[in-house]
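Please have the sequence and the structure open beside them.

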Amino acid sequence: MNNTISNKQMPPVAKKAKPASLDRKKARAGWWFVLPFVIGLILIYLPILINSIWYSFNLISMPKGQFTLTWCGFKNYSDALFSDPQFLQILTASIKQLLFDVPAIVIFALFMAVILNQKMLGRGVFRAIFFIPVIISTGLIESIDSSSLQSYMTEGVDTGNSQQSSAAEIVNSMDIAQLFGSMAVGTDLVNYVVGIVNNIFNIVNRSGVQMLIFLAGLQSISPSIYESCTMEGASGWETFWKITFPMITPMILVNAVYTIIDSFTAESNTVMSYISNVYSTQKNGQTISSAMSWVYFLVVIVMIGIIALILSRFVFYQRRD
């Protein structure tokens, strides 16, 4: 009885707080790293986005030099989609070109990453060479016409007539159409391959970041897995399709999304150039261009969602239990 009473009168013992796990510490450190971006997003970019949405539903007028907005509903969106004869054409052509460019860029980046991941003399130099276009394509160099650079890089190719040739003439000298014609394949495939060869400068120029991402993914694969494949007698072709490719599929999804965003936001993008031209030349161009920008943004989001939904069904995530 006395023991029971004494136990009830004893103060509760405070439980010691459990130390944070390593994953929680990493998560907190990650938030500290992204904190400057979050602050800038809230204080700088978010007000700009709100104003852009508001402008897209208004008309701008300046009676007596005063800046006023007049609510017009979806008129700017209707003018952008139905009254402007060029916006939808340029947008459709840009999407069609993107559907051709994304597979070519991702496949080329994966191919080069697999090669550069092999043990070879001067591997670091080759990696730097393929990443140089990413560095020089920013700032002042980006303002230089890429077509002039392409013609400069491709001039001097001998086609047998002692004449300088462009990229298209290189394709003709190789006679790709005749090569595929002997294989009895469709003309669409021939046109696709010819388009890739003609656009090789742009593909190489836009594959540097994707190549590094693939290299990081390839180096994360445990060498013991490849050793097991070698002991089992698997060929290099079987090892690639059974081990390397499934384990690199998360990076394929990342690179596909990155390539879409990079293509849609590049200064050389025709849709971006047209929207900028509408902003500075047309009447009520500020509000119409805002509507075009948000239509363009929704198209990009829908495309990213579709691509991510399709590719996510084939992505393999290795368990680390």
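1. Start at Met303, which is found in helix 15. The model is a predicted one. With a relative accessibility of 12%, Met303 falls under the 20% limit and therefore counts as buried.

2. What does Met303 touch, leaving aside residues up to four places away in sequence? The residues are Ile95, Leu98, Leu99 and Phe264. Ile260 lies 43 residues from Met303 along the chain, and the C-alpha atoms of these two are separated by 8.3 Å.

3. Two packed helices are described by the angle between their axes and the distance between the axes. For helix 13 and helix 15, the axes come within 10 Å and cross at roughly 165°. An angle over 145 degrees counts as roughly antiparallel, so helix 13 is roughly antiparallel to helix 15. The crossing of helix 13 and helix 15 is right-handed.

4. Which residues of helix 13 meet helix 15? From helix 13 they are Ile252, Leu253, Ala256, Val257, Ile260, Ile261 and Phe264. On the side of helix 15 they meet Tyr296, Val300, Met303, Ile304, Ile307, Ala308 and Leu311. Sorted by class, the contact of helix 13 with helix 15 has 14 nonpolar residues, no polar and no charged ones.

5. The rings can be checked next. The count of aromatic pairs comes to 11. One of them joins Trp237 and Trp241, edge-to-face, at 5.7 Å centre to centre with 65° between the planes. Trp237 and Trp241 both lie in helix 13 (residues 236-265), where they are 4 residues apart, about one turn of the helix.

6. Phe264 has a relative accessible area of 2% and is buried. Tyr296 counts as buried too, at 5% relative accessibility.

7. A last item concerns a cluster of rings. Ring pairs link Trp54, Phe57, Trp71, Phe74 and Tyr77 into this cluster.

Technical notes
Residues are numbered from 1 along each chain as its sequence is written. This is a predicted model: local features need pLDDT of at least 70, side-chain atom pairs count only at pLDDT 80 or more; totals for chains, interfaces and linings use all residues. Side-chain values use heavy atoms; hydrogens and water are left out. Rings of Phe, Tyr and Trp (its six-membered ring) pair if their centres lie within 6.5 Å; planes under 30 degrees apart count as stacked, over 60 as edge-to-face and the rest as tilted. Helices (H or I, at least four residues) and strands (E, at least two) are DSSP runs, numbered from the N terminus. Buried means under 20% relative accessible area, exposed over 50%, partly exposed in between (1.4 Å probe, protein chains only). Contact means heavy atoms within 4.5 Å. Axes are lines fitted to C-alpha atoms, for helices over the stretch in contact, and angles run from 0 to 180 degrees between N-to-C directions. Angles under 35 degrees count as roughly parallel, over 145 as roughly antiparallel, 65 to 115 as roughly perpendicular and the rest as oblique. A crossing is left-handed if the near helix is turned anticlockwise from the far one by less than a right angle, and right-handed if clockwise. Ala, Val, Leu, Ile, Met, Phe, Trp, Tyr, Cys and Pro count as nonpolar, Asp, Glu, Lys and Arg as charged, and the others, Gly among them, as polar.
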